[in-house]
Protein chains: 6
Amino acid sequence: MPKPKAINYEQASDAVKAVFDDIKSSRNLEDVNNFWKYLANDEKTLRRTWESVREVMAPGAIDPLVKELIYIAVSITNNCSYCIASHSAAAAKAGMTEEQFNELVAVVGMANETNRLVNGYRIPIDPAFEK
Amino acid sequence: MPKPKAINYEQASDAVKAVFDDIKSSRNLEDVNNFWKYLANDEKTLRRTWESVREVMAPGAIDPLVKELIYIAVSITNNCSYCIASHSAAAAKAGMTEEQFNELVAVVGMANETNRLVNGYRIPIDPAFEK
Amino acid sequence: MPKPKAINYEQASDAVKAVFDDIKSSRNLEDVNNFWKYLANDEKTLRRTWESVREVMAPGAIDPLVKELIYIAVSITNNCSYCIASHSAAAAKAGMTEEQFNELVAVVGMANETNRLVNGYRIPIDPAFEK
Amino acid sequence: MPKPKAINYEQASDAVKAVFDDIKSSRNLEDVNNFWKYLANDEKTLRRTWESVREVMAPGAIDPLVKELIYIAVSITNNCSYCIASHSAAAAKAGMTEEQFNELVAVVGMANETNRLVNGYRIPIDPAFEK
Amino acid sequence: MPKPKAINYEQASDAVKAVFDDIKSSRNLEDVNNFWKYLANDEKTLRRTWESVREVMAPGAIDPLVKELIYIAVSITNNCSYCIASHSAAAAKAGMTEEQFNELVAVVGMANETNRLVNGYRIPIDPAFEK
Amino acid sequence: MPKPKAINYEQASDAVKAVFDDIKSSRNLEDVNNFWKYLANDEKTLRRTWESVREVMAPGAIDPLVKELIYIAVSITNNCSYCIASHSAAAAKAGMTEEQFNELVAVVGMANETNRLVNGYRIPIDPAFEK
């Protein structure tokens with residue numbers, strides 16, 4: 001199988017173009033980024049992912065910047081370079097400062113460490129946490 | 001090797017007691033939770049972890065509740081039940097609402113999904129993200 | 001330590017050459033790929049891995065193409081780029097279509113998401129699943 | 001925060017009941033399993049996840065049983081017990097034999113091993129895989 | 001599918017019994033542990049895994065106790081409770097002290113933390129490491 | 001946000017220079033490697049990580065070379081290329097032979113495989129391991 005390729009606007013089917021247009025107008029962008037261009041290899045995945053991301057990342061009980069920080073935290077834990085880069089860009093646009101980024105990385109590192117201290121010592125859940 | 005056991009205050013060395021006292025007074029608790037009681041199997045790990053957690057989780061550019069949300073995000077990604085339970089309790093104490101918890105889980109799920117869409121399509125980083 | 005290097009046929013010991021020859025004739029290849037050339041740094045790992053892969057990936061109750069899809073699913077989850085590339089190539093050779101690859105990525109993404117929804121809500125196993 | 005709880009049909013909002021009814025009729029079940037009852041803590045996550053799972057797991061270029069095998073492969077890799085149990089049940093319903101399950105576990109084990117051999121030897125992608 | 005079950009010696013096929021006998025005599029045990037009894041659901045996986053484990057864990061350039069420590073390190077990172085328990089038992093038998101176990105957990109925790117600091121800051125490999 | 005950058009000695013604050021000097025003299029190096037130069041983006045993370053690494057990796061009940069092997073084992077499992085490269089270099093400096101590296105990779109691969117066999121068969125912990 002050849003390596004997957006980006007689908008650019010010009011080559012895209014009408015269904016893909018419609019999603020691209022929606023992303024560009026919702027986010028006020030001149031072009032969509034590679035993530036969407038590669039998902040466009042499968043119209044269904046593209047449309048479903050865009051609808052889900054739009055719903056999940058919308059302002060709600062947690063503000064959009066914090067949602068971006070959470071996204072980066074997961075991406076650092078999973079070592080997804082693209083995801084760290086793209087959501088760092090999105091977070092910066094939403095107002096993340098360099099100090100916030102640094103503290104985020106520190107918390108993610110610490111959580112990954114203490115997760116393993118818990119595993120290593122096979123620590124049982126305190127009954128108080130279950131109430 | 002027998003399964004690791006909790007070290008309770010009464011059995012603890014003076015060095016361990018000193019850390020336990022510091023945790024209890026800093027966090028206004030009657031007793032430390034299992035995490036600290038198991039780390040007490042190694043005085044050095046206990047002391048170093050407490051000093052690090054206290055520094056990393058202190059109010060700073062990111063507020064403490066958001067830091068707890070990030071901690072939970074990592075713990076859900078790594079499937080650490082104890083960590084999810086203990087940091088959900090800490091987050092609730094810091095003001096997390098049920099709506100916020102639900103949105104957090106949704107974002108973490110979505111990030112884990114899109115991380116794999118990126119891996120699957122081997123998506124290259126957009127040059128704009130690197131500037 | 002210098003970065004590990006590929007062992008090419010010409011430089012290889014007789015024991016390594018014998019495994020390379022077996023791989024080439026079993027799979028009808030002109031040369032083995034980098035995976036085997038790097039494993040050749042350790043004759044025992046090379047031989048054991050080849051014997052295991054040959055046995056595990058052979059036609060059985062699950063057909064070879066489906067086994068390749070499963071291999072890719074694990075490799076996407078673990079973010080192993082080499083493994084995604086090599087098993088995508090193997091799957092394509094075994095008949096995987098582009099539509100199948102796209103659906104595979106969609107299922108893997110979804111499974112990684114719902115795994116975390118389960119972790120986040122700490123969902124207990126339904127008794128019916130255990131019977 | 002109290003431990004998340006299942007939302008049963010009787011307690012559910014009308015919106016949740018509507019999703020539950022759809023799951024039950026689509027899958028011909030008397031009751032939904034715990035996964036859906038816990039997701040019901042967040043109507044939006046419940047609805048979105050159900051719509052996505054239904055679309056992704058539908059018959060397509062890959063048949064539904066193979067999709068279940070892929071789901072189990074990801075869940076074994078991530079060590080999600082609930083997910084392994086529930087998708088093993090679903091796979092069995094879709095026709096998975098015990099021999100197929102055994103081969104699946106063997107392939108998943110092998111893929112997780114060779115993923116790490118690749119990481120350890122830092123193996124570069126063969127140019128032939130990129131064409 | 002019913003939950004997988006242990007295959008005890010009495011119920012086992014002759015081929016499985018032969019592997020069980022070999023494990024018991026090689027390791028001087030009265031009975032094999034659950035790991036082998038569950039693998040016995042698939043004779044091929046049982047035999048292949050036993051042959052591989054015996055070869056990989058044998059004394060060599062790295063001594064058997066250190067190999068057990070490495071096994072535990074991987075198992076803590078992956079959060080495999082069974083594996084942590086069984087290899088802690090094996091390590092204790094091979095001479096691991098409580099102090100060594102504690103230091104092991106500390107190193108594993110630290111490595112998991114610094115792995116994420118590296119991911120977060122997207123640190124490029126120093127040219128000196130590649131020579 | 002621009003991609004994080006290395007902080008070189010000349011640009012560093014006095015506090016960062018002090019940590020760099022301590023690393024260089026403790027480890028007898030002419031310059032610190034990229035890991036420390038990137039952590040220097042956050043003085044607190046730099047100092048805390050250096051103090052923790054120094055304490056955790058010091059000779060103790062486990063010798064420093066074995067600690068490096070454990071570090072590599074975790075990094076291979078997590079697929080952190082930088083970490084594999086830097087700790088392979090450190091291990092080589094501490095005396096790791098090529099044979100030891102090869103055996104290490106073999107053990108890590110095997111542990112990642114058997115961890116998944118355990119997950120797949122949902123193997124319960126033998127009571128003997130808990131005593």
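1. Some ground rules. This is a predicted model, where local features need pLDDT of at least 70, side-chain atom pairs count only at pLDDT 80 or more, and totals for chains, interfaces and linings use all residues. Residues are numbered from 1 along each chain as written, chains are lettered from A, and side-chain values use heavy atoms, with hydrogens and water left out.

2. Start with the E and F pairing. In chain E, 60 residues are in contact with 60 residues of chain F (contact means heavy atoms within 4.5 Å). The area buried between chain E and chain F is about 5500 Å², and carbon and sulfur atoms give 73% of that. Buried area here is the accessible area (1.4 Å probe) that two parts lose on being put together, summed over both. E:Val107, E:Tyr121 and E:Phe129 supply 12% of what chain E buries against chain F, more than any other three residues.

3. Now the polar side of things. The interface of chain E and chain F has 22 residue pairs in polar contact, both residues being at pLDDT 80 or more. A polar contact is a pair of N or O atoms within 3.5 Å; within protein, one must be able to donate a hydrogen and the other to accept it, and residues adjacent in sequence count only if both atoms are side-chain atoms. Which part of chain E gives the largest share of the side that touches chain F? That is helix 6 of chain E, with 18 residues (helices are DSSP runs of H or I, at least four residues, numbered from the N terminus).

4. There are also 2 salt bridges across this interface. The rule asks for a side-chain nitrogen of Lys or Arg within 4 Å of a carboxyl oxygen of Asp or Glu. F:Lys67 and E:Glu103 meet in a salt bridge at 2.9 Å, N to O.

5. How do the copies match up? Chain E can be laid on chain F with an RMSD of 0.0 Å, using a turn of 180° and a shift of 0.0 Å along the axis. The two are thus related as by a two-fold rotation axis. The superposition is by least squares on C-alpha atoms of residues with pLDDT of at least 70 in both. Also, 98% of the interface residues of chain E are interface residues in chain F too, so the copies meet through the same surface.

6. In the one between A:Cys80 and A:Cys83, the sulfur atoms are 2.1 Å apart.

How values were computed:
Helices (H or I, at least four residues) and strands (E, at least two) are DSSP runs, numbered from the N terminus. A disulfide is a pair of cysteine sulfur atoms within 2.5 Å.
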